[in-house]
Amino acid sequence: MKTRIFGRSVRAVGEVVLGACHLGAGWGDVSYADALATLRAGYEAGTTLFHTAGVYCMGLGGTLIVRFLRETEAPV
């Protein structure tokens, strides 16, 4: 995956961002296993930037991302 420098930092991130808006419910039922599988597939494909916001399913999208990163020991 192509990368770019993120903002004014020196950190390179993948050009494709995986958004967590639809992972935490509210747009249909997404199981915990399916949400983690989605995050894992994105990460294994080279995604290094995950987007979330507190308003996404009352914060559940962000919670899923944190759990995923902890479980995979992915660099933060």
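Reader: Which residues make up the largest nonpolar core?

Author: Start with the rule. A nonpolar core joins buried Ala, Val, Leu, Ile, Met, Phe, Trp, Tyr and Cys residues through side-chain atoms within 4.5 Å. Buried means under 20% relative accessible area, exposed over 50%, partly exposed in between (1.4 Å probe, protein chains only). Here the largest core has eleven residues: Leu18, Ala20, Leu23, Ala35, Leu36, Leu39, Phe50, Leu64, Ile65, Phe68 and Leu69.

Reader: Which elements give two or more residues to this core?

Author: H1 and H2 do. H2 gives the largest share, four residues. Helices (H or I, at least four residues) and strands (E, at least two) are DSSP runs, numbered from the N terminus. One caution: this is a predicted model, where local features need pLDDT of at least 70 and side-chain atom pairs pLDDT 80 or more, while totals for chains, interfaces and linings use all residues. Residues are numbered from 1 along each chain as its sequence is written, and side-chain values use heavy atoms, with hydrogens and water left out.

Reader: Which residues of H1 are buried?

Author: Ala35, Leu36, Leu39 and Gly42 are the buried residues of H1. Look down the axis of H1: they fall within an arc of 125 degrees (taken from the directions from the axis to the C-beta atoms), so they line one face of the helix. Turned away from that buried side are the exposed residues Ala33 and Glu44.

Reader: What do the buried residues of H1 pack against?

Author: Strand S3 (17-19), strand S4 (49-51) and H2. Take Leu36: beyond residues up to four places away in sequence, it touches Leu64, Phe68 and Glu71. Contact means heavy atoms within 4.5 Å.

Reader: How does the span of H1 compare with what its 13 residues should give?

Author: The expected span is 1.5 Å times one less than the number of residues. For H1 that is 18 Å, and its end C-alpha atoms are 18 Å apart, which agrees. Just after H1, Gly46 takes a positive phi of about 110 degrees.

Reader: How many aromatic pairs does the structure hold?

Author: Two. Rings of Phe, Tyr and Trp (its six-membered ring) pair with centres within 6.5 Å; planes under 30 degrees apart are stacked, over 60 edge-to-face, the rest tilted. Tyr43 and Phe68 are edge-to-face, at 5.9 Å centre to centre and 75 degrees between the planes. Tyr43 lies in H1 (residues 32-44) and Phe68 in H2 (residues 60-72), so the pair ties together parts 25 residues apart in sequence. Tyr43, Phe50 and Phe68 form one aromatic cluster.

Reader: Is Phe68 buried or exposed?

Author: Buried, at 1% relative accessibility. Tyr43, at 31%, counts as partly exposed.
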